[in-house]
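Trainee: I am new to this structure and would like a close look at a single part. Which residues does the UniProt annotation "binding site" cover, and where do they lie?

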Amino acid sequence: MAVVGVLALQGSFHEHIAALRKLGVNGVEIRKPEQLLNVNSLIIPGGESTAMAKLAEYHNLFPALREFVQLGKPVWGTCAGLIFLANKAAGQKIGGQELVGGLDCTVHRNFFGSQIQSFETELSVPELASKEGGPETFRGIFIRAPAIIEAGPDVQVLADYPVRSNRLSTADSPTEDKKENVEEESKVIVAVRQGNIMGTAFHPELTADTRWHSYFLRWQM
């Protein structure tokens with residue numbers, strides 16, 4: 001049976017392990033590089049991305065995490081975990097943070113705002129529904145959430161979310177003047193897959209719906 005590692009430095013790792021348990025899968029906490037040798041796949045949970053990066057650097061985890069991704073083992077990042085897996089990150093704090101990379105996209109950190117601007121919404125998820133059944137929508141929980149503002153040609157979009165176009169252009173180029181037509185809508189990407197890597201800007205582990213976890217586990221069968 002597959003053993004799924006869950007990076008347990010900070011954030012919602014307990015919730016991911018509980019979701020895996022519901023599916024009859026063994027999830028184990030990962031805090032040291034050598035522990036990655038004992039798992040088939042890895043989940044990087046949501047949390048505070050800067051704090052997680054500092055702890056990962058302290059435990060010398062970044063080289064092992066990059067190697068894990070490069071070996072083609074399945075990796076899924078939620079919220080802060082998505083930021084970790086992106087090749088580029090915008091909207092970072094002064095000095096930035098180290099990234100694992102592997103996902104050909106640019107993620108804007110805290111795109112949706114501060115803690116008090118967190119929200120829940122129904123997302124259209126046709127790929128998830130076609131593989132795992134259930135409704136065509138998923139209740140996305142966004143907590144100080146990032147968003148993907150650019151994605152490469154090999155990145156499969158699994159879910160997106162409508163935003164005003166001027167908000168997207170400002171996030172893309174902070175010095176650019178806002179567009180006059182503030183009612184025009186565009187979309188940002190909030191769930192993707194590229195090869196062995198999946199990323200979600202929201203928190204499936206905080207819901208009772210385990211379809212994202214089962215979708216991720218399907219790659220290992």
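Mentor: A residue is called buried under 20% relative accessible area, exposed over 50%, and partly exposed in between (1.4 Å probe, protein chains only). This is a predicted model, in which local features need pLDDT of at least 70 and side-chain atom pairs count only at pLDDT 80 or more, while totals for chains, interfaces and linings use all residues. Residues are numbered from 1 along each chain as its sequence is written, and side-chain values use heavy atoms, with hydrogens and water left out.

The "binding site" annotation comes from an unreviewed UniProt entry and takes in Gly47, Glu48, Ser49, Arg109, Ile143 and Arg144; such annotations may be inferred rather than shown by experiment. These residues are spread over 98 residues of sequence, yet they cluster in space, with 12.2 Å as the largest C-alpha distance. Gly47, Glu48, Ser49, Arg109, Ile143 and Arg144 also belong to the lining of the largest pocket (an open set of points on a 1 Å grid with protein on both sides within 12 Å along at least five of seven lines; a lining residue has an atom within 4 Å of a point).

That pocket holds about 180 Å³ of space, a volume filled by probe spheres set on the points. Its lining has 15 residues, and those nearest the centre are Gly47, Glu48, Cys79, Ile143 and Arg144. By type, the lining divides into 4 nonpolar, 8 polar and 3 charged residues; Cys and Ile count as nonpolar, Glu and Arg as charged, and Gly as polar.

Two of the annotated residues can be followed further. Glycine 47 sits in the loop between strand E3 (41-44) and helix H2 (49-58), where strands (at least two residues) and helices (at least four) are DSSP runs numbered from the N terminus. Glycine 47 counts as partly exposed because its relative accessibility is 35%. Leaving aside residues up to four places away in sequence, glycine 47 touches Gln10, Gly11, Met52 and Ala80, a contact being heavy atoms within 4.5 Å.

Arginine 144 is in another loop, the one between strand E8 (137-142) and strand E9 (147-151). With 29% relative accessibility, arginine 144 is therefore partly exposed. Again not counting residues up to four places away in sequence, arginine 144 touches Glu48, Cys79, Arg109, Asn110, Gly113, Ser114, Gln115 and Ser118. Among these contacts of arginine 144 are Glu48 and Arg109, which the UniProt annotation also covers.

Notes
1 Å grid on protein atoms, 1.4 Å probe; cavity = no way out; pocket = protein on both sides within 12 Å on 5 of 7 lines; lining within 4 Å.
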